[in-house]
Amino acid sequence: MNYRFTNRTGGVSTGAFASLNLGTHVGDNLEDVMRNRSLVADSKDGLQFMNQVHGDRVVIIEEVVDPDPTADALVTGIAGISLAVQVADCIPLLLSSPEAVAAVHVGRKGLMNEVALRAIDVMLEMGASEITAIIGPSICGACYEVSQDVYDEVVSQHPHAQSRTKQGTLALDLPKALISQLSAHSLDVINESVCTFENSDLFSYRRDGATGRQAGIITL
């Protein structure tokens, strides 16, 4: 499996976006962002990002295109193309098989609208077998405090998401819920998650507000 997760170090962005910000939508200097993207684009056939909107649209990539397609999951069966998902607390989910790969943006809304399962279905339609899921850095269950109504909405559908903060207030454990969702569909799961909120080497929207985006990147 050819994949990796970037952090916030090693780029050219400054200030709140220091330094390897890969998001074009956060207020950073666009030239700096594109330079950062070129630094991580080591695939011979290019690196495809997406315009993420917390939806459930899956786009099949046959060649790298500009502008970034609006979607929350990218799938390709073309060897050499890299796919990227940007995050700053949401889960960067990478799906790998010998026949196809996917990059999926799974936040609270993505968990609820089952965007990961939609991406898996597309991979299966493309002939994928033995799909492995890799979960990257995201906010942990002890740091993602939510209101009662949000908690009730998510936990009613995903009971494994129930969590508490260190202060005992309501929280959601999205990685745990996603692992349960994927395991129920017989996927092997590699959990490489560390908490974005607790780790200063990672961008965190919940911690900092104005901030950049790191990425999960996978190549077939």
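**Strands, rings and buried residues in a predicted model**

Strand 6 (residues 91-96) and strand 7 run antiparallel and are joined by six bridges. The model described here is a predicted one. A hairpin of four residues leads from strand 6 to strand 7, and within this pairing Leu94 stands opposite Ala103 of strand 7. Strand 7 (residues 101-106) also pairs with strand 4 (residues 73-76): these two run antiparallel and are joined by four bridges. Here Thr76 is the residue that stands opposite Val101 in strand 7. As a general point, strands of a sheet pair through backbone hydrogen bonds, either parallel or antiparallel.

How much of strand 7 is covered? Six of its six residues are buried. The cover extends to both faces, with Val101, Ala103 and His105 buried on one side and Ala102, Val104 and Val106 buried on the other.

Elsewhere, four strands form an open sheet in the order 1-12-5-2, with mixed pairing. Strand 1 (2-5) and strand 2 (47-48) are found at its edges, and each has a single partner strand, so one side of each is left without a neighbour in the sheet. For strand 2, two bridges in the parallel sense connect it with strand 5 (residues 82-87). Leu47 has Ser82 in strand 5 as its bridge partner.

One aromatic pair is found in a search of the whole structure. Such a pair is described by the distance of the ring centres and the angle of the planes. The ring centres of Tyr3 and Phe5 are 6.0 Å apart and the planes meet at 65°, so the pair is edge-to-face. Tyr3 itself is partly exposed, its relative accessible area being 22%. A further ring, that of Phe49, has the charged end of Arg37 sitting over it, 3.8 Å from the ring centre.

The cysteines can be considered next. Searching the whole structure gives zero disulfides. For Cys90, which is in no disulfide, the nearest cysteine sulfur belongs to Cys195 and is 13 Å away. Cys140 is likewise in no disulfide. The nearest cysteine sulfur to that of Cys140 is also that of Cys195, at 3.6 Å, whereas a disulfide requires sulfur atoms within 2.5 Å. Cys90 has a relative accessibility of 19% and counts as buried, because the cut-off for buried is under 20%.

Two loop residues complete the picture. His158 lies in the loop that runs between helix 4 (148-157) and strand 9 (162-164). With a relative accessibility of 9%, His158 counts as buried. Which groups does the side chain of His158 reach? One is the backbone oxygen of Leu111, at 3.4 Å, and another is the side chain of Gln157, with which His158 makes a polar contact (3.4 Å). Apart from residues up to four places away in sequence, His158 touches Leu111, Met112, Ala177 and Gln181.

Gly212 is placed in the loop between helix 6 (205-208) and strand 12 (214-219). Is Gly212 buried or exposed? Its relative accessibility is 0%, and Gly212 counts as buried. Setting aside neighbours within four places in sequence, the contacts of Gly212 are Ala16, Phe17, Asn21, Val26, Ala88 and Phe203. Gly212 and Leu30 are 182 residues apart along the chain, and their C-alpha atoms are separated by 12 Å.

Notes: Residues are numbered from 1 along each chain as its sequence is written. This is a predicted model: local features need pLDDT of at least 70, side-chain atom pairs count only at pLDDT 80 or more; totals for chains, interfaces and linings use all residues. Side-chain values use heavy atoms; hydrogens and water are left out. Rings of Phe, Tyr and Trp (its six-membered ring) pair if their centres lie within 6.5 Å; planes under 30 degrees apart count as stacked, over 60 as edge-to-face and the rest as tilted. Buried means under 20% relative accessible area, exposed over 50%, partly exposed in between (1.4 Å probe, protein chains only). A charge sits over a ring if NZ of Lys or CZ of Arg is within 6 Å of the ring centre and within 35 degrees of the ring normal. A polar contact is a pair of N or O atoms within 3.5 Å; within protein, one must be able to donate a hydrogen and the other to accept it, and residues adjacent in sequence count only if both atoms are side-chain atoms. Contact means heavy atoms within 4.5 Å. Two strands pair if DSSP finds at least two bridges between them.
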